[in-house]
Amino acid sequence: RLSDTEASSAGGLKMSSEAIDYVKKPAIDFIKESWKLMRRCTKPDATEFAKIAQATSVGFFIMGFIGFFVKLIFIPINNIIVGMG
């Protein structure tokens, strides 16, 4: 068995209970909060799922059109800039 001075000089083999509690308490709190959240969550019914899927689809569609038009506008601008050099 190593004494306190030997443990600290041997790379800190001995850990204090404060250091363990510093890591342990937030981990335990996180696990408790996660379990609490999992118990409160419910599976969506068919109508709620349909609304979420529809909203997501509309979002993808809008973002696709925005990306398409940005690309459509910047291709000629890029050709003009590159053509000048």
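K25 has 52% relative accessibility, so K25 counts as exposed. The cut-off for exposed is over 50%. K25 forms a salt bridge with D29. The closest N and O atoms of that pair are 3.1 Å apart. D29 counts as partly exposed because its relative accessibility is 32%. Both residues, K25 and D29, sit in helix 2, four residues apart, or about one turn of the helix. An α-helix has 3.6 residues a turn, so residues three or four places apart point the same way.

All of this rests on a predicted model.

## The second bridge and its helix

How many salt bridges does the count come to? The count comes to two. Besides the K25 and D29 pair, E33 forms a salt bridge with K36. Here the closest N and O atoms are 3.6 Å apart. E33 and K36 also lie in helix 2, three residues apart, about one turn of the helix. E33 is partly exposed at 48% relative accessibility. K36 is partly exposed at 43%.

Helix 2 covers residues 17-40, which is 24 residues. From first C-alpha to last, helix 2 reaches 34 Å, close to the 34 Å expected at 1.5 Å a residue. Helix 2 is hardly covered: the count of buried residues in it is zero.

## Overall build and confidence

The protein has three helices and zero strands. From the N terminus on, the elements run α-α-α. Buried residues make up 1% of the 85 residues. The accessible surface comes to about 8200 Å². Carbon and sulfur atoms account for 69% of that surface.

Where is confidence lowest, and where is it highest? Helix 1, residues 4-9, is lowest, with a mean of 51. Helix 3 is highest, at 92. The protein averages a pLDDT of 85, and 81% of the residues score at least 70.

A pair of aromatic rings is described by the distance of the centres and the angle of the planes. A search of the whole structure finds three aromatic pairs. In one of them, the ring centres of F61 and F65 are 4.8 Å apart and the planes stand at 80°, so the pair is edge-to-face. F61 and F65 both lie in helix 3, residues 46-84, four residues apart, about one turn of the helix. F61 counts as exposed, at 56% relative accessibility. F65 counts as partly exposed, at 38%.

F65 also pairs with F69, and that pair is stacked. The centres are 6.0 Å apart, with 20° between the planes. F65 and F69 are again four residues apart in helix 3, about one turn of the helix. F69 counts as partly exposed at 41% relative accessibility. Together, F61, F65, F68 and F69 form one aromatic cluster.

## A nonpolar surface patch

Which residues make the nonpolar surface patch? V58, I62, M63, I66, V70, I73, F74, I77 and I81 make it. Its area is about 860 Å². One of these residues, I66, lies in helix 3. I66 counts as partly exposed because its relative accessibility is 46%.

Definitions and conventions
Residues are numbered from 1 along each chain as its sequence is written. This is a predicted model: local features need pLDDT of at least 70, side-chain atom pairs count only at pLDDT 80 or more; totals for chains, interfaces and linings use all residues. Side-chain values use heavy atoms; hydrogens and water are left out. Rings of Phe, Tyr and Trp (its six-membered ring) pair if their centres lie within 6.5 Å; planes under 30 degrees apart count as stacked, over 60 as edge-to-face and the rest as tilted. Helices (H or I, at least four residues) and strands (E, at least two) are DSSP runs, numbered from the N terminus. Buried means under 20% relative accessible area, exposed over 50%, partly exposed in between (1.4 Å probe, protein chains only). Patches are made of residues with over 30% relative accessible area and no salt bridge: like charges are joined within 9 Å, nonpolar side chains (Val, Leu, Ile, Met, Phe, Trp, Tyr) within 5 Å. Accessible areas come from the Shrake-Rupley method with a 1.4 Å probe; for residues, only the protein chains shown count as cover. A salt bridge is a side-chain nitrogen of Lys or Arg within 4 Å of a carboxyl oxygen of Asp or Glu. The expected span of a helix is 1.5 Å times one less than its number of residues. pLDDT is the predictor's confidence in each residue, from 0 to 100.
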